[in-house]
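Please look through the structure shown here together with the notes that follow. The points are numbered so that each can be checked in turn.

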Amino acid sequence: MTKEEQDEVYSVEMPLQLYFNTEEPVAIKDVADSLLAMEKLAKRLPIMLSQLSGVDIDRYELSVQRIESGSLIEALGMLVFLSTPEQRDALIKFLETHPMGKPLKYGLLTMLVLLLISDSYKLLTDFTKDDAPSIQGNHNTIINLTADQIDVPQETLEDALAYATGGNRKELVRAAMGVTKPIADHSNASLHVGDAGSNVAIPAEAMAEVPFDANLNAQEHDLPSQNVLLQIRALDRDKTDSGWWGVLPSVVGDKRLKIYFEDGVDIRAIAFRPEVHADVTVTYRADLNHATMVPKHITVSHIYPAERQ
């Protein structure tokens, strides 16, 4: 490579425009917070773009082009930098070739942003255990519409999304919620790709299901089970609040958990039996970053009498 080629910058600029449909006033602070959150969310975009186009993105710069009031419009631009002219040409070819005629570069980034936001809402409601059928259904719709409009198989798009959303999911969810802060809890508000006429959107019924006040730190969830086998692995016959450990093979496998007893449970009924059938509640800790439920402890509410032979 010549010195002239080394000094030359190879870049492609792409627009990104979100339309926030609302009839309520939008606070200036919320717009500022939204733009800062977009900067954090945008870190995932070059990853998805590389996965979809096969072109390696060296770095990017995000800038604000304009902000329009009324129903809020955030119009931004992303400048992506490539290492060689061949990589730049390959990206341009990907962005400007489409069977429907309209170049991808005019809507691709915004569709990917909406997809990241939708996926974050799905992660959030899975974490909080909120009932969110509209978020789930609309997420599937966005995947289908985006895959169709950018002319890639749905599986390819889902793989790129999974790759981009790996790592710090808590940061991702916070960024997604921050981007939509201007219309958080607004009545009948929706979020669209480009403008109000776009059918690639998060509609009002899905936005209404987003728990914007959720605590993203680890949450606990209790799941009860009745008449299940409880195997005692350690015990203290004199105490009900310490020293007891056991396994629930049919509920959590072979993981050994601490056992607590509700008031009124007679521990004498279990003290000399290596295993019993009981009504129990397993307390789980939800971990957003790892998208898992980790069992913490068992609470016994009823012990069934031993069956006589």
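Is Arg-66 buried, partly exposed or exposed, and what is the relative accessible area of Arg-66? Arg-66 is partly exposed, with a relative accessible area of 38%, where buried means under 20% relative accessible area, exposed means over 50% and partly exposed lies in between, for a 1.4 Å probe and protein chains only.

1. Basis of the model. This is a predicted model, in which local features need pLDDT of at least 70 and side-chain atom pairs count only at pLDDT 80 or more, while totals for chains, interfaces and linings use all residues. Residues are numbered from 1 along each chain as its sequence is written, and side-chain values use heavy atoms, with hydrogens and water left out.

2. Arg-66 and its partner. Arg-66 forms a salt bridge with Glu-68, and the closest N and O atoms of the pair are 2.6 Å apart; the term stands for a side-chain nitrogen of Lys or Arg within 4 Å of a carboxyl oxygen of Asp or Glu. Glu-68 counts as partly exposed, at 32% relative accessibility.

3. Asp-30 and Lys-181. Asp-30 belongs to helix α2, which covers residues 28–41; helices (H or I, at least four residues) and strands (E, at least two) are DSSP runs numbered from the N terminus. The side chain of Asp-30 meets that of Lys-181 in a salt bridge, at 3.9 Å from N to O. This pair links distant parts of the chain, since Lys-181 is in the loop between α8 (169–179) and β4 (190–193), 151 residues apart from Asp-30. Asp-30 is buried, with a relative accessible area of 18%, whereas Lys-181 is partly exposed at 32%. Leaving aside residues up to four places away in sequence, Asp-30 touches Lys-181 and Pro-182, where contact means heavy atoms within 4.5 Å.

4. Glu-171 and Lys-43. A salt bridge also joins Glu-171 to Lys-43, with 3.5 Å between the closest N and O atoms. Because Glu-171 lies in helix α8 and Lys-43 in the loop between α2 and α3 (45–53), the pair ties together parts that are 128 residues apart in sequence. Glu-171 is partly exposed, at 27% relative accessibility, and Lys-43 is partly exposed as well, with a relative accessible area of 41%.

5. Aromatic pairs. The structure holds 2 aromatic pairs, a term for rings of Phe, Tyr and Trp (its six-membered ring) whose centres lie within 6.5 Å, with planes under 30 degrees apart counted as stacked, over 60 as edge-to-face and the rest as tilted. Tyr-121 and Phe-212 have ring centres 6.2 Å apart and planes at 80°, so the pair is edge-to-face. Tyr-121 is in helix α5 (residues 108–128) and Phe-212 in the loop between α9 (204–207) and β6 (219–234), 91 residues apart, and both residues are buried. Trp-244 and Phe-261 form an edge-to-face pair too, at 5.0 Å centre to centre and 85° between the planes. Trp-244 is in the loop between β6 and β7 (245–247), and Phe-261 is in strand β8 (residues 257–261). The relative accessible area of Trp-244 is 0%, and Trp-244 is buried; Phe-261 counts as buried at 10% relative accessibility.

6. Helix α4. The end C-alpha atoms of helix α4 (residues 85–96) are 16 Å apart, which agrees with the 16 Å that its 12 residues should span at 1.5 Å a residue, the expected span being 1.5 Å times one less than the number of residues. The buried residues of α4 are Leu-91, Phe-94 and Leu-95. These cover an arc of only 95° around the axis, so they are on the same side of α4; the arc is that of the directions from the helix axis to the C-beta atoms. Glu-86 and Lys-93 are exposed on the other side of α4. Among the elements that cover the buried residues are β1 (10–21), α3, β3 (73–82) and α5.

7. Positive phi values. Most residues other than glycine have a negative phi. Asp-185, however, has a positive phi near 65°, and Asp-185 is placed in the loop between α8 and β4. Asp-185 counts as exposed, at 65% relative accessibility. Asn-227 also has a positive phi, of about 50°, although it is not a glycine; Asn-227 is found in strand β6 and is partly exposed at 42% relative accessibility.
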